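Please look over the sequence and the model below before reading on.

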Amino acid sequence: MYDDNNIFAKILRNEIPCDKIYEDDFSLFFNDINPQAKIHVLGIPKYPCIDFYEFTSKADNKIIISFFKSVNTVIEKLNINNKGFRLISNSGEHGGQEVPHYHVHILAGEKIGSLR
Ligand code: AMP
């Protein structure tokens, strides 16, 4: 069950600050506080859900489409499409998820190491 005391819910409520990259009605993108690459941006929907599975199960198609179009907008804004990037979403204990509000990581700006 979604817990709205998580840190990304607090960022969405403006209770704690973030280093904002892009925002629209359905999503917010900001720099990761502990970057794992030269560019490390997090994208979150403004929709209370824990992970990819819950987001794509419960949210309206309009919200889902808008969120992924926003990822595309941020990729363009960061100008990373030419050299490439890695798009990651961790889920649950086995996926290594720390913050239980659905988010994507956009890693870029240098060659990202292998997954294992
Ligand atoms: P995950 O393991 O997929 O849940 O990733 C959570 C990410 O959130 C980690 O990369 C953290 O560095 C990042 N993070 C945690 N707190 C903040 C914060 N206040 N602002 C920006 N990024 C954060």
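In this predicted model, the largest pocket holds about 660 Å³ of space, and the elements that give two or more residues to its lining are helix 1, strand 2, strand 3 (39–45), strand 4 (85–88) and strand 5 (104–108).

**The lining of the pocket**

- A total of 28 residues line the largest pocket, and those that lie nearest its centre are Asp32, His40, Leu42, Glu98 and His105.
- Among the elements, helix 1 gives the most to this lining, where it supplies 3 residues.
- Sorted by class, the residues that line the largest pocket are 15 nonpolar, 9 polar and 4 charged.

**The shell around the ligand**

- Around the ligand there are 15 residues, and of these Asp32, Asn90, Glu98, His103 and His105 come nearest.
- Helix 1 (7–12) supplies at least two residues of the shell around the ligand, and strand 2 (27–31) likewise supplies at least two.
- When the residues of this shell are divided by class, 6 are nonpolar, 7 are polar and 2 are charged.

- Which part of Asn90 has an N or O atom 2.8 Å from an oxygen atom of the ligand? The atom belongs to the side chain of Asn90.
- In Gly96 it is a backbone N or O atom that is placed 3.2 Å from an oxygen atom of the ligand.
- On its own the ligand has 510 Å² of accessible area, and the protein covers 87% of that area.

Conventions:
Residues are numbered from 1 along each chain as its sequence is written. This is a predicted model: local features need pLDDT of at least 70, side-chain atom pairs count only at pLDDT 80 or more; totals for chains, interfaces and linings use all residues. Side-chain values use heavy atoms; hydrogens and water are left out. A residue is near a molecule or strand if one of its heavy atoms lies within 4 Å of it. A polar contact is a pair of N or O atoms within 3.5 Å; within protein, one must be able to donate a hydrogen and the other to accept it, and residues adjacent in sequence count only if both atoms are side-chain atoms. Accessible areas come from the Shrake-Rupley method with a 1.4 Å probe; for residues, only the protein chains shown count as cover. Helices (H or I, at least four residues) and strands (E, at least two) are DSSP runs, numbered from the N terminus. Ala, Val, Leu, Ile, Met, Phe, Trp, Tyr, Cys and Pro count as nonpolar, Asp, Glu, Lys and Arg as charged, and the others, Gly among them, as polar. On a 1 Å grid over the protein atoms alone, a cavity is a set of points where a 1.4 Å probe fits but cannot get out, and a pocket is an open set with protein on both sides within 12 Å along at least five of seven lines; lining residues have an atom within 4 Å of a point. Grid points are joined across faces, edges and corners, and a volume is the space filled by probe spheres set on the points.
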